[in-house]
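Please keep the sequence and the model at hand while reading.

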Amino acid sequence: METFNIKINGMPIQAPKGSTILEAAKLASIDIPTLCYLKEINEIGACRICVVEVKGAKSLVASCMYPIAEGMEIWTNTPKVLESRKKTLELILSDHDRRCLSCVRSGSCELQKLCNDLKVEDEGQYDGSRNTYDIDYSAAHMYRDNNKCILCRRCSAICENIQGIGVIGANERGFNTVIASAFDMGLGETSCVSCGQCIAVCPTGALAEKDYTDEVFAALADPDKYVVVQTAPAVRAA
Ligand code: FES
């Protein structure tokens, strides 16, 4: 196998020709954070969390997309790289439901972990217009909360490329971009089979398994629209 000699953070590394910087770094156990990347399923360079510095490149590059070349020198943790990742996280948070304490994914949320790792505070410095969405409780076993979606597109990629269904995808453009089903149908009205693969790859709490509590909240929020189906023993009155 043909290999290239590169340096990451000054360390000499040999990696197969055709590898991306992210793949080469992994071979050398050098951690580069990612949010949208899913190997061979979602390699679209959407989130820019994985940016690194490459000698001679005019700007930071997305390591999950950028192929290595012979003699390349790469730095993964310079002040410029860390500053860029922090700014990206702050921008994501500016249009994100930040009520982490009540989120089902608190403690296992990739976005939350990255913010903690990079010491990104919820300072709201980029707060401005905000997208707000109704939560889609229409599917039998799961719900979709686009207020927590970071548009990484892992869900739509796995739905289409692995499950072969493709019921969700990106609609609209720019600030209005939203992950939705065709004609904005609720998931329950589509051919979604509730396989849960999208939940497994979602980096935040935008997709989650439904439980009795969720149905109660949905019914309380909109009693005309939702019927609570009792799926767990009723709470005994005091
Ligand atoms: Fe590389 Fe998202 S992980 S751009």
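The sections below cover the basis of the model, the whole chain, the sheet, the helices, a hairpin and selected loop residues.

## Basis of the description

The model is predicted: local features need pLDDT of at least 70, side-chain atom pairs count only at pLDDT 80 or more, and totals for chains, interfaces and linings use all residues. Residues are numbered from 1 along each chain as its sequence is written, and side-chain values use heavy atoms, with hydrogens and water left out.

## The chain as a whole

Six helices and nine strands are found in the chain. These elements are DSSP runs numbered from the N terminus, with helices being H or I over at least four residues and strands being E over at least two.

Of the 238 residues, 42% are buried. Buried means under 20% relative accessible area, exposed means over 50%, and partly exposed lies in between (1.4 Å probe, protein chains only). Among the contacts with a separation of 6 or more, 60% are between residues 24 or more positions apart; a contact means heavy atoms within 4.5 Å.

## The five-stranded sheet

Five strands form an open sheet in the order β2-β1-β5-β3-β4, and the pairing is mixed. The edges are β2 (11-16) and β4 (61-62); each has a single partner strand, so one side of each is left without a neighbour in the sheet. Two strands count as paired if DSSP finds at least two bridges between them. In general, strands of a sheet pair through backbone hydrogen bonds, either parallel or antiparallel.

Within this sheet, β3 (residues 51-54) pairs with β5 (residues 73-75) in the antiparallel sense, over two bridges. Val 54 has Ile 74 of β5 as its bridge partner. Helix α2 lies across β3 and β5 and runs at about 155 degrees to β3. Axes here are lines fitted to C-alpha atoms, for helices over the stretch in contact, and angles run from 0 to 180 degrees between N-to-C directions.

## Packing of the helices

Helices α2 (residues 79-93) and α3 (residues 110-117) pack with their axes 10 Å apart, at an angle of about 135 degrees. The two helices are therefore oblique to each other. On the scale used, angles under 35 degrees are roughly parallel, over 145 roughly antiparallel, 65 to 115 roughly perpendicular, and the rest oblique. On the α2 side the contact is made by Leu 89, Ile 92 and Leu 93, and on the α3 side by Leu 111, Leu 114 and Cys 115. By class, this contact has six nonpolar, no polar and no charged residues. The nonpolar class is Ala, Val, Leu, Ile, Met, Phe, Trp, Tyr, Cys and Pro; Asp, Glu, Lys and Arg are charged, and the others, Gly among them, are polar.

Helix α4 (residues 154-162) has buried residues at Arg 154, Cys 155, Ser 156, Ala 157, Ile 158 and Cys 159. The elements covering the buried residues of α4 include α3, β7, β8, α5 (197-201) and β9 (207-209). After α4 comes Gly 164, with a positive phi near 75 degrees.

## The β7-β8 hairpin

Strands β7 (residues 168-171) and β8 (residues 178-181) run antiparallel and are joined by four bridges. Ile 168 has Ser 181 of β8 as its bridge partner. Six residues lie between the strands of this hairpin, and Glu 172 takes a positive phi near 65 degrees.

Asn 176 lies in the loop between β7 and β8. Its relative accessible area is 46%, so Asn 176 is partly exposed. Leaving aside neighbours within four places in sequence, Asn 176 is in contact with Asn 131 and Asn 171. The C-alpha atom of Asn 176 is separated by 9.9 Å from that of Arg 130, 46 residues apart along the chain.

## Other loop residues

Thr 20 sits in the loop between β2 and α1 (21-27). With a relative accessible area of 10%, Thr 20 is buried. Not counting residues up to four places away in sequence, Thr 20 touches Ser 63, Cys 64, Met 65, Tyr 66, Pro 67 and Ile 68.

Most residues other than glycine have a negative phi. Ser 29 has a positive phi near 60 degrees. Ser 29 is in the loop between α1 and β3, and is exposed, with a relative accessible area of 68%. Leu 151 also is not a glycine, and its phi is positive at about 60 degrees. Leu 151 lies in the loop between β6 (142-144) and α4, and is partly exposed, at 26% relative accessible area.
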